[in-house]
Amino acid sequence: MRKALGMLVLLVLVAALTSLAGEGFLSAYNLENLCRRTALFGILAIGAGLVIMAGGIDLSTGSVVCLSGCLLPWLLVEQGWSETAAVATVLGAGVAIGLFQGGLVAWGRLQPFLVTLCGLLFYRGLARGFTADQTQGFQGGYEGLRTLATGRIPIPGLTDLEAFDGPSAFAIPAPAISLLAIALLAAFLLRFTVWGRWLLATGRNPEAAAYSGVPVAWVTLSAFVAGATISAYGGMLFVLDVGSAQPADFGNFYELYAIAAAVLGGCSLRGGEGGIAGIVVGAALLQVLRNTIVLVEWIPDNLEYAVLGAVILVGVLADELVRRYSRRRGRRLAEDRSARA
Amino acid sequence: MPDAASSREHSGAPLLEARGVSKRFGAVRALDEVSCSIRAGEVLAVVGENGAGKSTLMKILAGVHEPDAGEIRFEGRTVRMRSVRHAQDRGIALVHQELNLAENLDVAANIVLGREPRRLGVLDGRGADRIAAAALEKVGLAIPPRTPVASLGVGARQLVEIAKSLAAEARVLILDEPTASLSKAEADRLIGLVSQLRERGTAVVLISHRLDEVLRMADRIVVLRDGRQRGELDRANATREKIVSLMVGRDVATVERREIETGAVRLAVKGVCSEIHPRHAVDLEVRGGEVVGLAGLVGSGRTELLETIFGVRRARAGIVEIEGVGLPSGDPRTAVARGVALVPEDRGRHGLFLPDPVRLNFAMATLPEHARGGMLSFQAIRRLADRLARDLHLRPPDHGRAAGTLSGGNQQKVVLGRWIALAPKVLLLDEPTRGVDVGARAEIHTIVRDLAAKGCAVLFASSELDEVLSLADRIVCLREGEVTGELAAAEASEEAVMSRLVAERAA
């Protein structure tokens, strides 16, 4: 929680600086867009975070996004399936991927890094294969389904803060509703249920968890299933948002955005640590930074990855320094106490 | 090498000497003013129970640890050995119980490791082969220097390790349990080699549990107990009985024997073979209300037996029954569900979630009981933690603290508390008071006895004989995976137990 607050302060700071240094940051159009992108990437980051908290890692997120992003329009347009059947199949594919990867990790005793690295190659290859590398799109149809991602809920009275192109009234983008629902559900499960405690315990110390009778293998499996299903849902929202998916590069690198957001938000790659609020703030921070690079004139856009890499590194480093400092201080306090006693 | 064989006859000057050496690890006094010396061409044996301080003494002589007090003298001069390298440079080599060979390299590369011959700055493979061949000949191992270590058996590896020390021109060779994992023939060969080395003027320090080997090899025997030196025997007047009585020594503390009301058999182990001693099947029974102690030295299979019963290890054969019903092998979850609990030896690794609060550690095995419909009841967890912290005299009694901030004794209470919350039918404990101070130790013993009084069947393993004797109602002796005796604690003496634990011969 402390970390989530720290990141929130940083987020506000970066946003303030950007609105001063660049043009149009506070426009309704930009804020709405930022909100939409944060929601889309935030959903993926929650999936990645759950796996990381259970002591694993999921590198396949981007490829799962690609697979579900291509599968949905392909089933609807090329195969003529009903919306319900197509959506159910895409989510079912996410569950199946989670069962497959989680099963290999939990019972096959394979390392999550390797299993999901193979997944990263496999699902993208699959998507490019069944589409023959052809872009999959909705061809202007399915407006109803697409409101899940493109819908806007205008907020009356909240008018533009800064004149810019596009609509001048601020609206909440529909994916933010999905993010809110998923985040609340995940936070509730993590904090208030037996499953959540088991998940964190398994990530913290799998051996001690097994010695306590925690069903470690099942918990691991459930984390991977949750991660992959959330990724599949996220991929659906991404394609519903932009309208079409190009199998060769749809969702490229998204796993890294997801993992980075989770780590910025307080998840330790050693497992057992992290919270949903932090992850969402981490995802927002990354999107604001990308926005900053675009809006601030003197930062060349081509430097995007370098800036993101540097910021994540500084964030992780700062956190480690704070942690060491507070640990030293805690030890000193304990020594003082025992010296006095 | 100088004419060592003849010089040893004339000069009685010690080559390596420890004078009043002490060493503490945290609150534990591992060595307390121990002195010993060894001359060239002599074999000195150091014997003692587990935890007597043998390994610490060896590690100080080999430069692994520095002593807190006292001095080490080499060739009559005080030396400070800050690292293994320092010791090696003086010709002191430790052949460790767990062999330290790089399995991915061949024999020659291992023998010259750290002092590789070079020519023009690049590795000199042929030079290495020459050095290795000479060293292998000295230990009588007829294998090509390029043999991969991975293809060698334990006995050959032991010899390679000694060859490595000889190639480094070791003048003092420290052998830590050299025959522990060797066959009879291999052990005999090693004993032969040790006497050859003695003839050549090498000083050999030997640690062994096998008293017959000690008696065959050693010129002098130093006995340690509880970190102190309890006696030194010459070859001429050493007997097995004398050594054992010095090893055990202390008066057995008078223990309050309570009336045991034993109930039905709660735990039955029938023909169980663990992975590391597949040839020996173990049978034992523990009744409700009974505390059974599993006595054994390092390598006797105590831990493995407990872990096999609990199911974190699979059994090679046999069956474990809880109240007459078989328990699936390799399934700790079912074991916990059936009321079996294990307090592991390494509580930091297997027992606790160190950064998490004590109350979560208390509740971890019983979370579903502290939840309704999958939703945790923080109130119920808090009530449980309040009760356990009070009953166990947890210090400090604050269960919101991270478990890792508690002392060893209080950490152990937290692990015990987790199982008390489960109200176990069978409680297994592995080294219940390791790294625990004297006060907490007594408290933990009381907690265990109280659990037994409530009808729980308790089986614990300990390498400390006085703990076995004072806590157990009945003692099961384990040697190299085999049950070598069962004694009622009331009639058992430390000598009687110890003689069942120490191997008669290298089998």
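In the predicted model, the two chains meet through 17 residues of chain A and 23 residues of chain B. On the side of chain A that touches chain B, two elements contribute two or more residues, namely α8 (194-204) and α9 (206-211) of chain A. Of the elements on this side, α8(A) gives the most, with six residues. By residue class, this side of chain A comprises 10 nonpolar, four polar and three charged residues.

Within chain A, helix α5 spans residues 112-130. Its 19 residues reach 26 Å from the first C-alpha to the last, close to the 27 Å expected at 1.5 Å a residue. The buried residues of α5(A) are Pro112(A), Val115(A), Thr116(A), Gly119(A), Tyr123(A), Arg124(A) and Ala127(A). Viewed down the helix axis, the buried residues of α5(A) fall within an arc of 150°, and therefore line one face of the helix. The covering of these buried residues includes α3 (61-78) and α4 (83-106) of chain A. On the face turned away from the buried side, α5(A) carries the exposed residues Leu114(A), Leu121(A) and Gly129(A). After α5(A) comes Ala132(A), which has a positive phi, near 50°.

A helix pair in chain A was also examined. Two packed helices are described by the angle between their axes and the distance between the axes. For helix α7 (residues 174-192) and helix α12 (residues 276-295) of chain A, the axes come within 9 Å and cross at roughly 145°. At this contact, Ala183(A), Ala186(A), Ala187(A) and Leu190(A) of α7(A) meet Ile276(A), Ala277(A) and Val280(A) of α12(A). The contact of α7(A) with α12(A) consists of seven nonpolar residues, with no polar and no charged ones.

Chain B contains an open sheet of six strands with mixed pairing, in the order β18-β21-β22-β15-β23-β24. The edges are formed by β18 (340-343) and β24 (482-488) of chain B; each has a single partner strand, so one side of each is left without a neighbour in the sheet. From one strand to the next, the twist averages 20°. Strand β23 (residues 474-479) of chain B runs antiparallel to β24(B), and six bridges join the two. Leu478(B) is placed opposite Val483(B) of β24(B).

The loop between α14 (378-391) and α15 of chain B contains Ala403(B). This residue, Ala403(B), counts as buried because it has 24 C-beta neighbours inside 10 Å, against a cut-off of 20 or more. Beyond residues up to four places away in sequence, Ala403(B) touches Leu352(B), Phe353(B), Leu354(B), Asp356(B), Val358(B), Asn361(B), Gln411(B) and Val414(B). Ala403(B) and Val414(B) are separated by 11 residues in sequence and by 7.8 Å in space, C-alpha to C-alpha.

Definitions and conventions. Residues numbered from 1 in each chain as written. Chains lettered and ligands numbered in written order. Predicted model: local features only at pLDDT ≥ 70, side-chain atom pairs only at ≥ 80, totals over all residues. Contact = placed C-beta atoms within 7 Å. Helix = DSSP H or I, 4+ residues; strand = E, 2+ residues; numbered from the N terminus. Nonpolar A, V, L, I, M, F, W, Y, C, P; charged D, E, K, R; others polar. Pairing = 2+ DSSP bridges. Axes fitted to C-alpha atoms, helices over the stretch in contact; angles between N-to-C directions. Expected span 1.5 Å × (residues − 1). Buried ≥ 20, exposed ≤ 12 C-beta atoms within 10 Å, placed from the backbone. Arc of directions from axis to C-beta.
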